[in-house]
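Biologist: I would like to go through this model with you. Shall we start with how the chains meet?

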Amino acid sequence: MVFNSLEFAVFLAIVFPLYLVLPRRGQNLMLLAASYVFYGMWDWRFLGLLIASTAIDFLCGLAIDREQREAHRRRWLWLSVAVNLSFLGFFKYFDFFAESLQRLLAALGIDAGLSTLGIYLPVGISFYTFQSMSYTIDVYRRQLPATRHPLDFALYVAFFPQLVAGPILRASYFMAQILSPRRVTMEGVSEGAWLIFFGLFKKVFIADNLAPIVERIYAAPGEFSGPHVIIGIYAFAWQIYCDFSGYSDIARGLGKIMGFDIRLNFNLPYFARDPTDFWNRWHISLSLWLRDYLFNPLGGNRRRTLRNLVITMGLGGLWHGAAWHFVAWGLFCGSVLVVYRLVQGERRVKDPSRRRLVTEMIINFNWFCLSLILFRVASLGDFGLAMRQIATDWAFTWPVVRDGLLVFAYALPLFVMELFMFRTGDHMAVWRLPGWARVLLYTAMYFAITLGGALYGPQFYYFQF
Amino acid sequence: MARSSTTSSSEARPRAGLAAVALCALLEMVIGSTQLFLNGVETVVDIKRGHLDAGEPDDVVIFGDSRFFSIPAEAVNEALGGGLRVCNFSWPYMGVEADPLMLEGYLDHRPAPKLLIVGFGPEFIGLEEARIRIDTWQVNRERAFTVIPTRTLVRFLVEQRQWHMLYMLLEHRLMPPSVHHRKVILSRLRTWLWDWGRDPLDPADRRYIEGMRTQGWFLMATDEEASEEVAVHLETYLGRVDVHPNAHARAMAERFAQIAGERGIPVLVIEPPTPEAIHRLYEERGVLAERERLLRSWEDRWPTFRVAPPYARHLPNEQFGEMAHTNAAGNEVWIDMVREACAWYVREVGPVGAR
């Protein structure tokens with residue numbers, strides 16, 4: 001069940017009124033049941049996995065909280081981490097590692113007879129295992145008391161607006177909201193409705209219309225000219241941003257109409273000035289997770305910072321998908337951060353001139369687009385083909401211009417809105433426009449969706465992770 | 001860093017949202033209530049659907065697919081003796097499954113006519129499953145969802161346990177008109193923006209609409225469309241079509257006959273003309289014989305059923321504009337066939353309504 005479907009509209013039309021009439025306890029139980037239905041509609045067989053991960057982390061959290069001896073606490077923590085990583089490792093990475101090992105051994109002339117299992121990836125597993133694990137780690141660090149309410153904890157893990165593609169919620173922030181009464185206000189519903197609508201606009205009008213262009217070019221990058229490959233990657237930059245941030249907006253909006261506050265996951269990342277700034281704005285919940293549970297334990301900024309950065313980003317790349325091009329993408333992004341730190345260091349201008357600011361943003365946007373070639377290709381071989389085309393074939397044909405104009409036309413409305421948000425320093429700036437302006441804008445966006453949206457477009461891109 | 005949220009107390013925000021919803025709803029109503037954004041065939045479908053809820057009862061109703069679009073109601077009236085209200089209720093093809101539903105829907109909304117003229121060609125029992133079902137192609141679904149009354153369609157889908165189709169019907173009903181008509185709206189917008197003064201409808205669509213509005217019938221295919229390509233097209237078509245007697249199609253045809261037979265509605269069955277190449281194929285595969293057996297069994301079962309002779313007819317390929325529809329010359333012959341069938345009916349049974 002995806003957010004931009006009739007099933008979800010019907011689902012929400014049942015869940016939301018029920019939510020309004022139930023007391024808090026009933027609300028939580030109903031939301032838990034609804035979340036399991038929501039997840040079960042993807043594939044009910046994987047509900048068991050979700051419930052198992054939840055149960056183990058709940059029990060480990062209790063055990064860590066009760067236990068005073070450090071060694072025993074650590075043992076419970078390792079159990080939780082091991083179980084979650086085993087789930088993730090088996091379902092997401094088993095085939096990848098088996099295949100990679102097989103290739104390596106074959107290159108050495110050894111036939112190990114390893115075979116892949118063709119394992120089907122449970123949707124959202126990367127998100128909910130990370131979310132659930134963060135809870136036991138926080139309890140272990142004594143940053144959070146363990147909860148005694150299994151069903152509330154289960155709701156924290158399975159909360160349907162963010163279950164399958166984040167944002168990854170931290171228990172220290174979200175459990176308190178689950179355990180206390182929420183207030184549904186007209187203002188919250190209005191703000192939430194805008195976020196849902198804005199997210200749908202990004203997804204259906206921009207991302208899904210750009211998807212066919214990207215799909216066509218990156219299905220066979222060797223068959224397109226260099227400029228076309230580059231246009232394809234700009235298209236992908238807007239597609240993935242609108243797809244993923246659109247999902248996050250909808251998730252936040254759904255939370256908001258029910259009185260929950262889900263933190264911002266994308267903070268106008270294409271207006272970032274430098275790579276460090278960028279990762280503070282892009283997929284913030286994952287960046288923070290990696291910072292707190294991987295980068296800092298590795299030593300953070302205290303020692304071997306550059307190594308820590310590369311390792312963290314490399315593993316971050318692997319988190320996205322079980323393929324070497326994702327690892328390469330992560331390593332590339334890590335290397336950019338390292339180079340930036342070495343070159344720029346402490347010389348970052350705090351109040352740059354407008355020209356400098358724009359130049360920095362353009363450079364920053366373009367290195368990220370360049371990195372996305374690694375992210376989007378199907379394999380490292382395709383990456384080589386794409387780079388070869390960029391280096392050797394500069395044929396400028398009408399299809400290149402046409403696709404370039406399409407990317408520009410689809411991205412422009414969002415760019416203008418985000419520029420306005422950036423300049424006013426307010427993510428809800430559009431929502432705060434004068435009434436008449438919003439009526440016109442909402443109407444225009446609505447008809448952009450109904451007339452120009454790809455209503456039966458592909459799934460959200462991040463579901464595959 | 002930009003602010004992410006606020007708790008501003010301005011009440012104008014929900015109000016502006018509601019005003020936008022109202023404006024969108026109003027614009028949707030305008031789009032939905034006008035035929036301005038329908039293409040040619042959609043306009044025809046819309047007019048047919050509108051007929052179910054309007055006007056005086058019909059004496060004679062022509063039930064058939066798009067091959068009957070070119071039959072003037074007046075020609076039928078004259079051939080049946082005159083003084084009758086004849087309605088050409090033919091619809092664009094949307095699967096054989098739709099035929100009994102069209103009849104059920106018609107009878108749910110309007111009194112039973114004194115005569116039903118039914119087009120029943122060999123393809124009704126001799127096509128592959130995909131072409132028989134409403135749900136296979138989007139175009140069939142869209143037409144069926146528009147023209148078959150909801151209650152009738154829901155009853156059928158529940159009975160057939162076509163849950164997915166039921167879901168698609170719900171989705172169709174919930175989709176705003178701008179989604180249904182987006183193609184035409186965008187094409188009109190393009191015309192207005194870049195090609196002011198040009199007719200946004202293509203010539204065929206314009207012909208259908210004007211023919212429908214001014215005379216109640218129109219030619220689906222023109223002479224210009226008839227060319228050597230037709231023969232090639234026919235050959236290609238023959239290569240693609242799997243024509244064999246089909247049990248599901250037969251069941252649907254039986255269902256149609258049963259509705260009319262059990263309610264005692266007089267029925268005149270006419271075979272729409274088929275290009276000779278296709279006709280030959282039906283003959284070779286035994287579809288024509290199967291059709292004849294079925295029609296004779298209906299005549300035996302219900303005395304109100306009559307099948308106009310001959311049981312199987314075809315026209316030369318040259319009289320077709322494309323593989324299904326006659327061109328102007330072919331249509332003259334086709335209209336004469338219908339006239340003859342009607343005159344034969346009057347001779348055999350007597351004047352319509354004189355039961």
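Biologist: How much area do chain A and chain B bury between them?

Modeller: Keep in mind that the model is predicted. Interface size is often given as the accessible area lost when the parts come together. Carbon and sulfur atoms hold 61% of the area buried here. The total for chain A and chain B is about 2,700 Å².

Biologist: Which residues of chain A lose the most area to chain B?

Modeller: Three residues lead on that side. Together they make up 23% of what the chain A side buries. They are Leu6(A), Glu187(A) and Leu451(A).

Biologist: Which helix gives the largest share of the side of chain A that touches chain B?

Modeller: Helices H1 (6–21), H8 (186–219), H9 (226–257) and H17 (435–452) of chain A each give two or more residues. The largest share is 10 residues. That share comes from H17(A).

Biologist: How many salt bridges does the rule find across the interface of chain A and chain B?

Modeller: The chain A side does include eight charged residues, beside 12 nonpolar and nine polar. The rule also finds six residue pairs in polar contact across the interface. A salt bridge needs a Lys or Arg side-chain nitrogen within 4 Å of an Asp or Glu carboxyl oxygen. The count of salt bridges is zero.

Biologist: What percentage of the residues of chain B count as buried?

Modeller: Chain B has 17 helices and seven strands. Its accessible surface comes to about 16,100 Å². Buried means under 20% relative accessible area. Of the 355 residues of chain B, the buried part is 52%.

How values were computed: Residues numbered from 1 in each chain as written. Chains lettered and ligands numbered in written order. Predicted model: local features only at pLDDT ≥ 70, side-chain atom pairs only at ≥ 80, totals over all residues. Heavy atoms only, no water. Buried area = accessible area lost by both parts, 1.4 Å probe. Polar contact = N/O pair within 3.5 Å; in protein donor to acceptor, adjacent residues only side chain to side chain. Helix = DSSP H or I, 4+ residues; strand = E, 2+ residues; numbered from the N terminus. Nonpolar A, V, L, I, M, F, W, Y, C, P; charged D, E, K, R; others polar. Buried < 20%, exposed > 50% of the residue type's maximum accessible area, 1.4 Å probe, protein only. Areas by Shrake-Rupley, 256 points an atom, 1.4 Å probe, with all protein chains shown as cover.
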